[in-house]
Amino acid sequence: MKTLISGGTVINASGPFAADVFVDGDIIVGLAAPGTTTSELWRVGADRVIDAAGQYVIPGAIDGHTHLEMPFGGTHSVDTFETGTRAAAFGGTTTIIDFAIQSKGRSLREGLDAWHAKAEGNCAIDYGFHMIVSDVNEASLKEMDLVVDEGLSSFKLFMAYPGVFYSTDGEITQAMQQAASIGATIMMHAENGIAIDVLVAQALARGEGSPRFHGLTRPVALEGEATHRAIQLALVTHAPLYIVHLSAAEALDEVVEARDRGQSVFAETCPQYLFLSDADLAREGFEGAKYVCSPPLRPERHHADLWRGLRTDDLSIVSTDHCPFCFKEQKELGLGDFSKIPNGIPGIEHRVDLIFQGVAMGEISLARWVDVTATTPARMFGLFPKKGLIAPGSDADIVLYDPNATHTFSVDTHHMNVDYSAYEGMTVKGAVKTVLSRGTVVIENEQYVGRKGHGQFLRRGLNGFLR
Ligand code: URP
Ligand code: ZN
Ligand code: ZN
């Protein structure tokens, strides 16, 4: 199948330009100035012409942080690989990187096999995995090498959640040493979980069980402190470090300092930290449970710092940390005890739209919008230039985006398998119109026209930013 995408404005991380895009099978084979002989010849040879007049033609977005079918807090995140990847496609995301989990007492191999079994044959779009190491020991350290060979070049460790995913500083040091020796990147959930657990127990003992205390028992200082500690451990071990879901100015300051001295430290933030706040956690009754995630939503004053971080590249990426739990029966597990509310916010469908609001608000440029949602994730996670770029030779993962459309987020219209929207009633500028995954149209006319199982597993290379 030969497809011509005609009359649109192509936007790569380098900036916008007018071009027609020619796709042969699943690969982009050429870009040409509109109206040129080359473009007219392509039109004659095309099996299908997609009119992109008035639209942006952007690389399919890459969500480097999702949790589909994730066991957590005695339940599971409710989007499966089928429903989650379909919802992602609706929102202009054509690649996700989910987290395979090593359970305590089990090998990395077992965890990876389990996640392959969940995903294989079910995905609407391409997918890869990072590996969560929750049991650092001699055997799992040795296995990290094998996992890299299998196409997972990044390992997530937790300074939070004692007794679940938590690793001690000693374990983190060992895992970082191993990562440094094999060129892998350590992803860190940087919150001081030991101190947090003390604050949580004290709050509950005082009868402070409502959702807003989730935020109050996880203060910014404990994210800043953990971020500092992770950076120091990475400095000592020479490990590349990627701070996940950074939420606070205090943590960003640590990242800025490390980057300024030339350390290989990277960070992502998430739309919820740019658009939501502790006021949402404090919503009346139990409503705040919908907004419980970790790190928690912060006071609004952090928003401006995070946008600045995105502009200056101290924050390299926006990922969703999509981890959906229904309000009914799942978030409700924590009625009266916020510590039992499963942590996570749904958002896989809305990231491209939400970060486009940053363009509309004058916070970032069009090029930076594409960079933080597609191009830098491709480089960071070893997928570039196959993904994250509109250029000859790249996969034809292409989104046609109408910058002048508007639409309103709602549980009634979203495609995520969850019974609420964290952005209910929010009207945004811009809308995804058409989505191609490896040359196949998967979204058009607001319909999913793709196929379960179309998505392929991506064996990723090493972090493309390492010197
Ligand atoms: O609240 C969150 N972030 N849930 C998902 C698990 C994690 O720590 O990323
Ligand atoms: Zn985390
Ligand atoms: Zn996460």
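Visitor: Which residues does Ser277 touch, not counting residues up to four places away in sequence?
Guide: Contact here means heavy atoms within 4.5 Å. Ser277 is found in the loop between helix H10 (271–275) and helix H11 (278–281). With residues up to four places away in sequence not counted, Ser277 touches Leu297, Arg298, Pro299, Glu300 and His303.

Visitor: What kind of model is this?
Guide: Residues are numbered from 1 along each chain as its sequence is written, while chains are lettered from A and ligands numbered from 1 in the order in which they are written. Side-chain values use heavy atoms, with hydrogens and water left out, and local features need pLDDT of at least 70, side-chain atom pairs count only at pLDDT 80 or more, and totals for chains, interfaces and linings use all residues, since this is a predicted model.

Visitor: Is Ser277 buried or exposed?
Guide: Buried means under 20% relative accessible area, exposed over 50%, and partly exposed in between (1.4 Å probe, protein chains only). The relative accessible area of Ser277 is 6%, so Ser277 is buried.

Visitor: And Asn404, buried or exposed?
Guide: Asn404 lies in strand E18 (residues 398–408); helices (H or I, at least four residues) and strands (E, at least two) are DSSP runs, numbered from the N terminus. Asn404 has 60% relative accessibility, so Asn404 counts as exposed.

Visitor: How many Å apart in space are Asn404 and Thr83?
Guide: In sequence, Asn404 and Thr83 are 321 residues apart. From C-alpha to C-alpha, the separation in space is 28 Å.

Visitor: Which strands stand at the edges of the sheet of four strands?
Guide: The order in this open sheet is E5-E4-E1-E6, and the pairing is mixed. Two strands pair if DSSP finds at least two bridges between them. An edge strand here has a single partner strand, so one side is left without a neighbour in the sheet; this applies to strand E5 (27–32) and strand E6 (48–51).

Visitor: What is the bridge partner of Ile5 in E6?
Guide: Strand E1 (residues 2–6) runs parallel to E6, joined by four bridges. In E6, Ile5 has as its bridge partner Ile50.

Visitor: How many residues of strand E12 (residues 126–132) are buried?
Guide: On one side, Asp126, Gly128, His130 and Ile132 are buried. On the other, Tyr127, Phe129 and Met131 are buried. Strand E12 is largely enclosed by the rest of the structure, because the buried count is seven of the seven.

Visitor: Which helix makes a β-α-β unit with E11 and E12?
Guide: Strand E11 (residues 93–101) and E12 pair in the parallel sense over seven bridges. The unit is right-handed: with the strands pointing away from the viewer, the path from the first strand over the helix to the second runs clockwise. The helix is H3 (residues 108–119).

Visitor: And which helix makes one with E12 and E13?
Guide: E12 runs parallel to strand E13 (residues 154–158), with two bridges joining them. One bridge partner pair is Met131 and Phe155. The unit is again right-handed, and its helix is H4 (residues 138–149).

Visitor: Which residues are the protein donors of the zinc ion (ligand 2)?
Guide: Donors are N, O and S atoms within 2.8 Å of the metal (3.2 Å for Na, K and Ca); water is not among the atoms, so sites may look incomplete. The spacing along the chain is K-x32-H-x55-H. Lying 2.1 to 2.2 Å from the ion, the donors are Lys156 (NZ), His189 (ND1) and His245 (NE2).

Visitor: How many residues apart are His189 and His245?
Guide: His189 is buried, and so is His245. His189 belongs to strand E14 (residues 185–189), and His245 to the loop between strand E15 (241–243) and helix H9 (249–260). The pair links distant parts of the chain, the separation being 56 residues.

Visitor: Which residues touch the most other members of the largest nonpolar core?
Guide: A nonpolar core is a set of buried Ala, Val, Leu, Ile, Met, Phe, Trp, Tyr and Cys residues joined through side-chain atoms within 4.5 Å. The largest one has 131 residues. Those touching the most other members are Phe155, Met188, Leu241 and Trp369.
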